[in-house]
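Subject: Structure for you to look at

Hello,

Here is the structure I said I would pass on. Please open it first; my notes follow below.

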Amino acid sequence: MAELQRSDADQLAYDEAFDRDGNVRPLYAAIVERFSNFDAAELRRREGIIEEEFRRQGITFTVYGDSQGTERTWPMDLFPRLIAATEWQEIERGLAQRVTALNRFLADIYTGEGAAMADGVVPAWLVQSSDGFERNAFGVSVPHDAHCVIAGIDLVRDAEGQYRVLEDNLRNPSGISYVIENRAAMTRAFPRVWEDHTVEPVSQYGRMLRTALESVAPTGAGDKPLIVILTPGIYNSAYFEHAFLAREMGVELVEGPDLVVDEHVVYLRTIEGLVPVDVIYRRIDDTFLDPVSFRPDSTLGVPGLLGAMRAGTVTVCNAVGNGVADDKAIHPYVTDLIRYYLGEEPILPNVETYVMWEPDQREAAFERLDELVIKPVGESGGYGIVIGRNATDEELANARAEIEADPRNWVVQEVVELSTLASMCDDVLEPRHLDLRPFVITGERTQVFPGGLTRVAMRKGSLIVNSSQGGGSKDTWVLAPQGETQAAT
Amino acid sequence: MRLDIAYRLHFAYAEPVSESQNEIRVRPRDDLRQQVLSYRLTTTPATRVLQTRDYFGTTVDHLGMRASHDDLLVVAEASVETTPTDSAPAPASCERLGDQQFVNEHVEYLAPSQHVQWGELVNEVASWAVRGAADDVCERVQAVVQAVPTVLTYERGSTTIGVTLEELIDGGRGVCQDFAHLAVGMLRCIGIPARYVSGYLFALDETRLDEGPGESAPAAGDGAPGSGAGADGNSHGLVGEDVFTPERAPAASPAAISVQTHAWIEAAVPGYGWHALDPTNGGSVSERHVVIGYGRDYNDVPPVRGVFNGSADAKVDAEVIIAQPTAPVSMVTEPIRRQARVAVSPSTDTSAQQQAAQQQQ
């Protein structure tokens, strides 16, 4: 028998599988039962199958700054994460609502009247001072206002089990390929685990994304628009994913030099000659897209691409300038943007965030900095974050001085105790903290891909779920509504 | 004043190149001060030109030449009617610069930008420039603009586009865009919003162009305020289109290029609005200044930016001819003609580094 540890009774965080009294939640009853019948050796054997599966297929990710060779096999924990059908429907509605509002916001900024700024929902100066605000995107319209065709929204569950939005990723969110590969590996390692559950499939992603990309093709594109994925190349951390998506969608994977612009039309160079390109799903940063309009030293982009976008002969996804809407300084305003554009109450709350340029919020935060989390808006990957309760008085005083010197550069958040779930650590299934990144696809309409990428911090007590910092992942099951049956592939 | 402007840009390559792509910003702006009567841009060989307007309201002509070519001529012709500038702004107390609404409205023109970054040295020069100035924003703006030619001596070809403000002060020499950048930086660092203006200057025949190297004073060694050119820095008369500066380009083609026209500045005065001044030419901006557009710095409104594919050296002639059709023949200026060579310098990032640097969220 493998030991399946319950969460500690005094744990602050919500545990996905066990309630506060240590009883297994009904959602997890069957899977806990099944795992309780495996002994440690059996679990190790199956773990080996998963690892072998990823190794054989070359499913890796890149760790920058690692002298041991930058490629690692993708880490997947064998205990799955489950989401009940009713719970998922709520998340799905909340995500679709949020991304719809964010797309409206981007259209308002770049091709609209700037109504949200004029009406004081978001301060205009905050938008203008955002690093992600891209002046070259002005006047470039996108069919269906789908500025963000693919969004990855990071959700966490607080101590009460409430899902909250930690962060929006609206530029080049990655990870969808791992969702699909995790399911495949799970199926191989636990072929009978599906007997107890009806799980929403994930294999339709390629079709779903392709349909969305086809729907944003320029009007002159015809019935069969040519779609390409523009990758920076093999040295990029997510190259595996770029190649994977090209295969799943049946489209060309190209690099900048494979494309050429002639009289404001983008062409793909092929052995049969030049073929006009309608939609470019790009995985390179805005400032590298076109050396004419952006960084002149970019070797990854396509000269003249911005002119073609302005001429309306090609659609680039995600659109240029989306970084303004996923700026950490804009995040606190997103719930108000939902109310403003859609006239609806937000379904998914934000992690409670205070902005330091509002004197009232700043003073209130200064009263209790030792209970809060202090984040610089310009950093990512956890850099520069001060956790109030772990900080010394001196560190808090320094943080306070830095906030006063440049309030635009800081936000302060309530601590969220990320929920936990059993994960395989040294032959024992122990609770570890996790988050969830669902993917939201927008074409003619906005749809949410079932489940998403669950990331788990494999170190005890750690809240850092990033794979580049030792985080793992979990296959994530959205259970089908009862009474329906679907194949779990 | 009615002015006819012909901007002629000639790319000549030592060997045939292909896939040249360019953005051109040379069309005068329509605003309350000036009205564009006509504008036409043609290329030889002919190609389809796409005209758009950018975030700052500047007209952009996008044009490219995919086929192999060793020669590309772009000619833009504009007729524009300018009106004399308004009277000087009314005095405004410096206290009003701190007004939160004023700061928020001008946030883009108060923050450092790509070519306008400042540190201690610029701070020092700026506070030296406004020492003894009254509590009046206009007077401070004037003081800064007049201090610039005492820090910098005008010298053609003395700088390239990547130069920092600190390097400029140290070097003590520059061209119109350097004068403008330094003035913008000094103003921003004392809390006065300032923007960079690109345009044309109709140089009347009584003015002379700075042609002689003898006029340029040696660089100020320590860049201390007041050293360097001294009062003589102001005596060059009007200075027109000038320098050509290569931008950093990748080792592999395409190469990057840029050409410039004249540059001056505008400062935001509380209760008045944008006030235009020409730091290169003694301060005042008149109906002989024709605005193309403005931005945070040069990078938002370069007359030409572009790349081409090929290893050839490029020679670029940029020529501006400005004429006043109603004036007597003797009033028509000589063409302001400049030439420069494009240098292709290697990029510091390798392609692999650039690939790795692409953020996957």
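To begin with chain B: among its contacts between residues at least 6 apart in sequence, 79% join residues at least 24 apart. Two residues are in contact if their C-beta atoms, placed from the backbone, lie within 7 Å.

Some ground rules come next. This is a predicted model, in which local features need a pLDDT of at least 70 and side-chain atom pairs count only at pLDDT 80 or more, while totals for chains, interfaces and linings use all residues. Residues are numbered from 1 along each chain as its sequence is written, and chains are lettered from A and ligands numbered from 1 in the order in which they are written.

Confidence

The predictor gives the complex an ipTM of 0.90 and a pTM of 0.89. For chain B the average pLDDT (the predictor's confidence in each residue, from 0 to 100) is 79, and 77% of the residues score at least 70. In residues 205-259 of chain B, pLDDT stays under 50, and the model has 151 contacts beyond four places in sequence for them. Residues 327-347 of chain B also have a pLDDT below 50, with 47 contacts in the model beyond near neighbours in sequence. Where pLDDT is low, the predicted coordinates should not be read in detail.

Chain B

Chain B has six helices and 15 strands. Helices (H or I, at least four residues) and strands (E, at least two) are DSSP runs, numbered from the N terminus. Of the 361 residues in chain B, 51% are buried. A residue is buried if 20 or more other C-beta atoms lie within 10 Å of its own, exposed if 12 or fewer, and partly exposed in between, with C-beta atoms placed from the backbone.

Helix α2 (residues 120-129) of chain B packs against helix α5 (residues 176-189) of chain B at an angle of about 80 degrees, their axes 9 Å apart. Axes are lines fitted to C-alpha atoms, for helices over the stretch in contact, and angles run from 0 to 180 degrees between N-to-C directions. The angle makes α2(B) roughly perpendicular to α5(B); angles under 35 degrees count as roughly parallel, over 145 as roughly antiparallel, 65 to 115 as roughly perpendicular and the rest as oblique. From α2(B) come V122(B), N123(B), V125(B), A126(B) and A129(B), and from α5(B) come G185(B), M186(B) and C189(B). The residues of this contact are six nonpolar, two polar and no charged. Here Ala, Val, Leu, Ile, Met, Phe, Trp, Tyr, Cys and Pro count as nonpolar, Asp, Glu, Lys and Arg as charged, and the others, Gly among them, as polar.

Chain A

Domain 1 (87-165 + 198-342) and domain 2 (353-414) are assigned in chain A; the bounds come from an automatic or database domain assignment. The C-alpha centres of these two domains of chain A lie 31 Å apart. Seven residues from each of domain 1 and domain 2 of chain A take part in their contact.

Which strand holds V386(A)? V386(A) lies in strand β16 (residues 386-387) of chain A. V386(A) is buried, because 20 other C-beta atoms lie within 10 Å. Leaving aside neighbours within four places in sequence, V386(A) is in contact with I374(A), A391(A), E395(A) and A399(A).

Between the chains

The contact takes 42 residues from chain A and 39 residues from chain B. The side of chain A that touches chain B has 18 nonpolar, 16 polar and eight charged residues.

Regards
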